[in-house]
Structures are given as C-alpha cells and as structure tokens.
Amino acid sequence: MQHKRIHSPLVQDCIVKEIYVQMTLPSLVVCHTVPYPYNVFYCHEVIKVKAFKVMLKGENGNKVDVVAAFHVDTFDWDTNHVSIKVRDSKPGGEPVFHFLPQDNMVWLVKSL
C-alpha cells in the first residue's frame, strides 16, 4: 500500500479584503471534521454568535472566501478552551473571532 504524503498548508498573515455577508443569529450549528477513514463530523450548537462570509487576501496575493464566527458571549466557556488559553484570558472576557477550516460546515436558519 502506498501512502500519500500530506503537506501542511502555507501559513501567512492575511487581511479581510471584503465582507460579503454578516448575520447576527441566536444560534447556529457548526460541524468539524474528525480524523477517520471516511467522512465523520462532530457537530455542535453555538449560541450568541455572528456569522460572516469574507474574502481574505494573503501576503502572497492569493485570495480565498471563508466563513468566520464571532462569539459574542464566552461567559459559559471552559477555562481550558483553546481560544481562552491562547489569548491568556478568562471566560466572559473578550469576544472570540475565528475562521473555519475548509472542510468544516456551518448550518444556520434564516427566517423566510
């Protein structure tokens, strides 16, 4: 069996070039991929969140459209949550903004 070599993506600074969509929602569902031989997702509800579709422009000039989440309220977050630890803050402190990886999904309800 021959294994395919996996290369890490290029890490670079990016700027938000354009905001296409901004939605403030009571909740949405995010599904993250789980390492497994076939497609498996871990899905969970996120409350008090703003969702964005934006264009990022990298240092090398490449542009990519991505989904971003802005967590307005982190009061109930675990103190061991990676976003809390990386920022050396406390739950309920500052809002958390992050971009979702390419193979993640966001499900949201929009009123008709």
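Where is the place of Ser-83? Ser-83 lies in helix H1, residues 82-86. The points below set that helix in its context.

1. **Basis.** This is a predicted model: local features need pLDDT of at least 70, side-chain atom pairs count only at pLDDT 80 or more, and totals for chains, interfaces and linings use all residues. Residues are numbered from 1 along each chain as its sequence is written, and side-chain values use heavy atoms, with hydrogens and water left out.

2. **Elements.** The chain holds 1 helix and 5 strands. From the N terminus on, their order is β-β-β-α-β-β. Helices (H or I, at least four residues) and strands (E, at least two) are DSSP runs, numbered from the N terminus.

3. **Sheet.** The 5 strands form an open sheet in the order E4-E3-E2-E1-E5, with antiparallel pairing. Strand E4 (96-99) and E5 stand at the edges with a single partner strand each, so one side of each has no neighbour in the sheet. Neighbouring strands are turned by 35 degrees against each other on average, direction ignored. For these angles, axes are lines fitted to C-alpha atoms, and values run from 0 to 180 degrees between N-to-C directions. Two strands pair if DSSP finds at least two bridges between them.

4. **Pairings.** Strand E1 (residues 14-33) and E2 run antiparallel, joined by 17 bridges. Val-30 has His-44 in E2 as its bridge partner. E1 also pairs with strand E5 (residues 105-107) in the antiparallel sense, over 3 bridges. There, Cys-31 stands opposite Met-105. Strand E3 (residues 63-71) and E4 pair over 4 bridges, again antiparallel. Ala-69 stands opposite His-98 in E4.

5. **Lys-48.** Lys-48 belongs to strand E2 (residues 41-58). Its phi is near 50 degrees, a positive value in a residue other than glycine. Most residues other than glycine have a negative phi. Lys-48 is partly exposed, with a relative accessible area of 46%. Buried means under 20% relative accessible area, exposed over 50%, and partly exposed in between (1.4 Å probe, protein chains only).

6. **Ser-83.** Leaving aside residues up to four places away in sequence, Ser-83 touches Trp-77 and Val-96. Contact means heavy atoms within 4.5 Å.

7. **Whole chain.** Of the 112 residues, 21% count as buried. Residues 24 or more positions apart account for 51% of the contacts with a separation of 6 or more. The chain exposes about 9100 Å² (Shrake-Rupley method, 1.4 Å probe). Carbon and sulfur atoms supply 56% of that area.
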